[in-house]
Amino acid sequence: FKRISEYRNFVCRPQMARLLNKGNVREIILNADGAWKVTHCPDWIHVSEKSGQLKTQLTVTIDALEQGSGNRSDSIVFSLDDNGYTTCYKIEQYDSSYGEDASLTLQTAQKGKGINLVFIGDGYDAKDIAEGTYLSDMKQQMEYFFDVQPYKTYRDYFNVYTAFAMSYDSGIGTMNTLRNVKFNTMTASSSGRITTDFNAALYYAVDHTPVPESDIDALTCVL
């Protein structure tokens, strides 16, 4: 053994939050086997309780970030009262050109009345959106779609939209490694089959793009 020390049950779950400019409220669980207190918290993060005993559910409120002011990150640091044990909840807030749930038109129909087509991604967190991964992937999927006939021939008849669906976690999990994603998309561990909440994605598309809800039965939504 390189180190032998007393074990204390003291951990924050989840341990990180990522978000865009829009302010947000998150719920966390602080597991502790004694009295605890907050020893560090920046002024743009607000925690519902500054001290407590044992396991506690806390509400963390993060202020909005003014667009153009740059990214910021910091942590809430919790300490056990009777020794030097600490744990933290890290917050990363990204200054992004596209806000959470913002709509973007990828293509406008040049012929006809316009057939509505929406591309939505799942498992993209704030960092993925701010760094351009989400938009790049949606544009790539659009090009894949129109590379196949008959869509290639009739591309000019389509209106194409996306909306920036932010998940709390990045990536798609499995039944054994769950991730907190927007539409509950996951891969079955044994078969590799992907499951998702298609209805939630469909209604998200009409709520956050120019497609009216009256056109939902004719909408093609690619998730």
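**Exercise 1. Which residues is Q93 in contact with, leaving aside its neighbours within four places in sequence?**

Solution. Leaving aside neighbours within four places in sequence, Q93 is in contact with L19, L20, N21, K22, W44, I62, D63, A64, L65, N71 and R72. Contact means heavy atoms within 4.5 Å. The model is a predicted one, in which local features need pLDDT of at least 70, side-chain atom pairs count only at pLDDT 80 or more, and totals for chains, interfaces and linings use all residues. Residues are numbered from 1 along each chain as its sequence is written, and side-chain values use heavy atoms, with hydrogens and water left out.

Q93 belongs to strand 9; helices (H or I, at least four residues) and strands (E, at least two) are DSSP runs, numbered from the N terminus. Its relative accessible area is 0%, so Q93 is buried. Buried means under 20% relative accessible area, exposed over 50%, and partly exposed in between, with a 1.4 Å probe and protein chains only.

Then look at the polar atoms. A polar atom of the Q93 side chain lies 3.1 Å from the backbone oxygen of L20, and one lies 3.0 Å from the backbone oxygen of D63. A polar contact is a pair of N or O atoms within 3.5 Å; within protein, one must be able to donate a hydrogen and the other to accept it, and residues adjacent in sequence count only if both atoms are side-chain atoms.

Last, the C-alpha atoms of Q93 and A17 are separated by 8.2 Å, although the two residues are 76 residues apart along the chain.

**Exercise 2. Give the strand order of the open sheet of five strands, and name its edge strands.**

Solution. The order is 2-9-8-4-6, with mixed pairing. Two strands pair if DSSP finds at least two bridges between them. Strand 2 (16-19) and strand 6 (51-53) are the edge strands, each pairing on one side only. On average, neighbouring strands of this sheet are turned by 20° against each other, direction ignored. For such angles, axes are lines fitted to C-alpha atoms, for helices over the stretch in contact, and angles run from 0 to 180 degrees between N-to-C directions.

Strand 2 runs parallel to strand 9 (residues 86-93), and four bridges join them. M16 stands opposite K90 in strand 9.

**Exercise 3. Which side chains of strand 7 (residues 56-62) are buried, and which strands pair with strand 7?**

Solution. In a regular strand the side chains alternate between the two faces of the sheet. Along strand 7, T56, L58, V60 and I62 point to one face and are buried.

For the pairing, strand 3 (residues 24-32) runs antiparallel to strand 7, with seven bridges between them. L30 has T56 as its bridge partner in strand 7. Strand 5 (residues 45-47) is also antiparallel to strand 7, joined by three bridges, and H46 has T61 as its bridge partner there.

**Exercise 4. Which strands stand at the edges of the open sheet of three strands?**

Solution. This sheet has the order 13-14-15, with mixed pairing. Strand 13 (173-174) and strand 15 (194-195) each have a single partner strand, so one side of each is left without a neighbour in the sheet. Strand 14 (residues 186-187) pairs with strand 15 in the antiparallel sense over two bridges, and T187 stands opposite I194.
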